[in-house]
Amino acid sequence: MTVVAGLMLVVGFGFVLAGVIGILRLPDFYCRLHAMGKCDTLGVALMLGGVAVLEGLSLTSLKLLLVVVFVSLANPTATHALGRAAVRSGLRARTTEDPGA
Amino acid sequence: MASPPPTRSRVLQLVGAVPFSLVLFGFWLLLSPKRDSFHLGLGAATALVVAVLAARLVAQPPALGSTARAQTLRQMPWHRFGRYLPWLATRVVVASLEVAYIVLHPRLPISPRMVRITARYPHTIARLTLANSITLTPGTVTLDVEDDTFVVHALTDEGARATQDGAMADRVALLFHSPDEPTGA
């Protein structure tokens, strides 16, 4: 169990790290949304899940799983809200056809 | 001064709030470690008040764009999500792996672009589901939905193609399709 929990923590941390590197390396706002919306959601879910496994079946681990559910609902929603706000305020995406935007 | 008698639908709404208040009370029990009668009573009262206040949200279709094809939360085919969610979960893992691969790749192999797709659904919740599913699958994020048009940002060519070929839209259509309604997706 400890091994499973440790693995989940490390892999989850890896995804969060990848998300952060993505935010630093990707060229524009819309691309960065991808790094934020995906890697972070899975990473945080894995890390909290790992802590829950470490804790065993208890009220605490149930609460942790509730946080996982909440994060996996709230994170994509926040990503979408940011993206929609950007589109509506007229931010242009940098694309392969139009790299100067 | 006597208040007017509640209409039949209003009563039904309040009866419909009971199961929801039980769910909320279960949530309270999960979060609150105190088991004395004061705190349990507080929880029960809170659950009931919230359920009654939220009854209209559960019983009425959400106002997403045009409400002509809207469906209430209670009428949704929830059981079909049993097959959809596991599939979606695997897509989320693949999506994260792909984004992680792209950002860790020394040459940053991206070709970002905007994609517009159209999908006609009988229900607003179906559109919501498609938009969120696109966001969670590899290389694409839904930015905006206006009636039947979805504005999608794709990080890669592959993502753009996968969005345009409509496989995801078909799956969501299946999820919400009922025999008496055309999906038209």
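Trainee: How much area do chain B and chain A bury between them?
Mentor: About 2,800 Å², with 72% of it on carbon and sulfur atoms. Keep in mind that this is a predicted model.

Trainee: Which residues of chain B lose the most area to chain A?
Mentor: Leu30(B), Val103(B) and Leu143(B). Together they make up 21% of what the chain B side buries.

Trainee: And how many residues are in contact?
Mentor: 35 from chain B and 31 from chain A.

Trainee: What about polar contacts across the interface?
Mentor: Nine residue pairs, both partners at pLDDT 80 or more. On the chain B side, α3(B) gives the largest share, eight residues. By class, that side has 22 nonpolar, nine polar and four charged residues.

Trainee: Switching to charges. How many salt bridges are there between chain B and chain A?
Mentor: Two. Asp144(B) pairs with Arg84(A), closest N and O atoms 3.0 Å apart. Asp144(B) also meets Arg88(A), at 2.9 Å, N to O.

Trainee: Where do Asp144(B) and Arg88(A) sit?
Mentor: Asp144(B) is in strand β2 of chain B, and Arg88(A) is in helix α3 of chain A.

Trainee: Is Asp144(B) buried or exposed?
Mentor: Buried, at 4% relative accessible area. Arg84(A) is partly exposed at 29%, and Arg88(A) is partly exposed at 47%.

Trainee: How many salt bridges over all chains?
Mentor: Three. One of them joins Asp157(B) and Arg113(B), 2.6 Å from N to O. That pair links helix α5 to strand β1 of chain B, 44 residues apart.

Note on methods
Residues are numbered from 1 along each chain as its sequence is written. Chains are lettered from A and ligands numbered from 1 in the order in which they are written. This is a predicted model: local features need pLDDT of at least 70, side-chain atom pairs count only at pLDDT 80 or more; totals for chains, interfaces and linings use all residues. Side-chain values use heavy atoms; hydrogens and water are left out. Contact means heavy atoms within 4.5 Å. Buried area is the accessible area (1.4 Å probe) that two parts lose on being put together, summed over both. A salt bridge is a side-chain nitrogen of Lys or Arg within 4 Å of a carboxyl oxygen of Asp or Glu. A polar contact is a pair of N or O atoms within 3.5 Å; within protein, one must be able to donate a hydrogen and the other to accept it, and residues adjacent in sequence count only if both atoms are side-chain atoms. Helices (H or I, at least four residues) and strands (E, at least two) are DSSP runs, numbered from the N terminus. Ala, Val, Leu, Ile, Met, Phe, Trp, Tyr, Cys and Pro count as nonpolar, Asp, Glu, Lys and Arg as charged, and the others, Gly among them, as polar. Buried means under 20% relative accessible area, exposed over 50%, partly exposed in between (1.4 Å probe, protein chains only).
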